[in-house]
Amino acid sequence: MTSNEVLRQWVAEVGELTRPDRIHWCTGSTEENQQLIEAMLDSGAFLELNKKTHPACYLHRSDQDDVARVEHVTFICTSQRDDAGPNNHWMDPAAAKAKMNGLFEGCMQGRTLYVIPYCMGPIDSPLSRCGVEITDSPYVVVNMRMMTRMGSAALARIEREDGFVRGLHSIGELDPERRFIMHFPADRMIQSFGSGYGGNALLGKKCHALRIASAQARTEGWLAEHMLIVGIENPQGEIHYIAAAFPSACGKTNLAMLIPPAEYEGWKVWTVGDDICWMQPGEDGRLWAINPEAGFFGVAPGTSENTNPNALAMLNEDAIFTNVGVTADNQPWWEGKDDDVPVTDWKGKPFNAEVNPAAHPNSRFTVPMRRCPSYSEQAEAPRGVPISAIVFGGRRERLVPLLMESKSWQHGVLLGAAMASETTAAATGAVGVVRRDPMAMKPFCGYNFADYWQHWLSFTDRASQLPRIFHVNWFRKNDDGYFMWPGFGDNMRVLEWVIKRCKGEVDVCETAIGQLPLAADININGLDIDSVTLGTLLEVDASAWLDETGQIREYLGQYGDRLPHQLLAELDKVAVSLQA
Ligand code: SAT
Ligand code: MN
């Protein structure tokens, strides 16, 4: 048990409400993990994969109606509706608690209640924050063990510190009609019922590390962001750290593990994180960042020897696969992996390409970060890594250039706030629709976006050496529908320009929408791309952009009086300059 009275009390209360058969306090030990895995193999929740090719790898098939985050039933429960903002679904905290109490009542009968103490970030980092998740799902326990620093060390920190995030989760009956993900920022509390899937159930991830943490970061003067963190090492051994925000399933994991093209001899990319970044001003005036997670929960489809060899290499041991297909010799398989032909699809049915893809488009792997060949030891550094550049990006077939730099921090905040992207399979709902996804935080900001942008703008007063801000788009298509930029490892060419800008080594072309690279400064040696295509990737279509600024203004307009004036002033400057 624990010496923390608040925690002991809470577990007792939840026990009385949910009435489990047993309560188990997780230590995170290997033996405990092994027992949970064996129990899941017995119950059929886990299927063992090919022991020779994939030792200690398991397949989990989720319920077929439980395959992604569910934004329409995800709520921010603040006493004032406006504090949640137009960017969130809102529910009154008292009403939400009453509703959830009804659902949790007796829901763990016949089950074990697991108490999971966890730490988001290195155990001894002042930037880290702790939480405790209570769940009735052993799948959640083994995933949380990979995704966070879970168990005794986390509990010891919780006992030393004041305050932890409380997360209560039950899979309930996995009924989509009885599924809710509730956040109570004022209580630092999460309640999730009716789903066993990823971001709905592994509460350390999106619920804690983004929704609750973003609200906490606002009051404490830091930032909790939906960003990967990479270190780029040049042949001289200098490392620049970059944090980059893209919506779910837009290639954050691939960028985080990028292998530079052959032309980049002596360059290395180090992976610090692939999804979440917590940043804080340091004494030197720079922003210092940690990855609060300890594992990757990545999208499987499309991961291959070509697109992400590092990811493929880390997935042949000690990994959990959720909703992928299986080959005849019991190896995990997904679309785009290799030429193998699967025999079973993610539903466990014989594979038939006409009926189903083998892997669900949002199928995932869970794996400890240490298994990644490009894993950076700096990911364990208590003080974090200093960030030189922040990169925003979306999935846009048209309009948005390959690369640009903001004119200032304020203009960079506008670039982030105006981000838009075509939707993906990471959330339920239509795929391929352009929606505004400011800072890639639309589904994850735990408070009113207007206040969030104000918080971003306030960093000019908090830190004297802020990172430069950039915007990229790997997803431009030509009139024939083909991607114009090769992407993946070749994105190194874009990152090289970003670093050159940080070092003051290249000039820019000033445009109305931002500072664009001179085409000659983008290294296309060895690339099969002509200067016309590169020119198109770097062009600014003033009339189409005027239209876009109109749409941005309309979008920002819904935030009313709460919207920071500075942001509108930046937008006005862009519009005026486009008209000229
Ligand atoms: O389901 S998760 O939120 O963990 C993954 C994602 O959508 O980015
Ligand atoms: Mn994500």
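Predicted model: local features only at pLDDT ≥ 70, side-chain atom pairs only at ≥ 80, totals over all residues.

Student: How many bridges join E20 and E21, and in which sense do they pair?

Tutor: Strand E20, residues 325-327, pairs with E21 over two bridges, and the sense is antiparallel.

Student: What is the order of the strands in that sheet?

Tutor: The order is E21-E20-E22, in an open sheet of three strands with antiparallel pairing. Strands E21 (332-333) and E22 (342-344) stand at the edges. Each of these two has a single partner strand, so one side of each is left without a neighbour in the sheet.

Student: And what do strands of a sheet pair through?

Tutor: Strands of a sheet pair through backbone hydrogen bonds, in either a parallel or an antiparallel arrangement.

Student: Changing topic: which protein donors does the manganese ion have?

Tutor: The manganese ion, ligand 2, has Lys 206 (NZ), His 226 (NE2) and Asp 275 (OD) as its protein donors, at 2.2 to 2.3 Å. Along the chain, the donors follow the spacing K-x19-H-x48-D.

Student: Where do Lys 206 and Asp 275 sit?

Tutor: Lys 206 is in helix H8, whereas Asp 275 is in the loop between strand E15 (268-273) and strand E16 (277-281). The two residues are 69 residues apart, and the pair links distant parts of the chain.

Student: Is Lys 206 buried or exposed?

Tutor: Lys 206 counts as buried because its relative accessibility is 5%, and the cut-off for buried is under 20%. Asp 275 is also buried, with a relative accessible area of 8%.

Student: Now the pockets. What volume does the largest pocket have?

Tutor: The largest pocket has a volume of about 860 Å³. Its lining consists of 41 residues, and those nearest the centre are Ala 249, Cys 250, Gly 251, Asn 254 and Arg 395.

Student: Which elements give two or more residues to that lining?

Tutor: They are helix H7 (198-201), H8, helix H9 (252-256), strand E18 (295-299) and strand E23 (364-368). H9 provides the largest share, four residues. By residue class, the lining of the largest pocket has 19 nonpolar, 14 polar and eight charged residues.

Student: How many cavities of 30 Å³ or more are there?

Tutor: A search of the whole structure finds two. The largest cavity has a volume of about 190 Å³ and is lined by 17 residues. Nearest its centre lie Met 404, Leu 415, Ala 418, Trp 545 and Ile 552.

Student: Which helix gives the most to that lining?

Tutor: H16 gives the most to the lining of the largest cavity, with four residues. Helix H11 (409-417), helix H16 (542-557) and helix H17 (565-579) each give two or more. The lining of the largest cavity divides into 12 nonpolar, three polar and two charged residues.

Student: And what lines the second largest cavity?

Tutor: The second largest cavity holds about 30 Å³ of space. Among its lining residues are Ser 214, Trp 222, Glu 225, Tyr 447 and His 455. Helix H8 (204-220), strand E12 (223-225) and helix H12 (449-457) each supply at least two lining residues, and E12 gives the most, with three. The lining of this second largest cavity comprises six nonpolar, two polar and one charged residue.

Notes
Residues numbered from 1 in each chain as written. Chains lettered and ligands numbered in written order. Heavy atoms only, no water. Pairing = 2+ DSSP bridges. 1 Å grid on protein atoms, 1.4 Å probe; cavity = no way out; pocket = protein on both sides within 12 Å on 5 of 7 lines; lining within 4 Å. Points joined across faces, edges and corners; volume = space filled by probe spheres on them. Nonpolar A, V, L, I, M, F, W, Y, C, P; charged D, E, K, R; others polar. Donors = N, O, S within 2.8 Å, 3.2 Å for Na, K, Ca; no water. Buried < 20%, exposed > 50% of the residue type's maximum accessible area, 1.4 Å probe, protein only.
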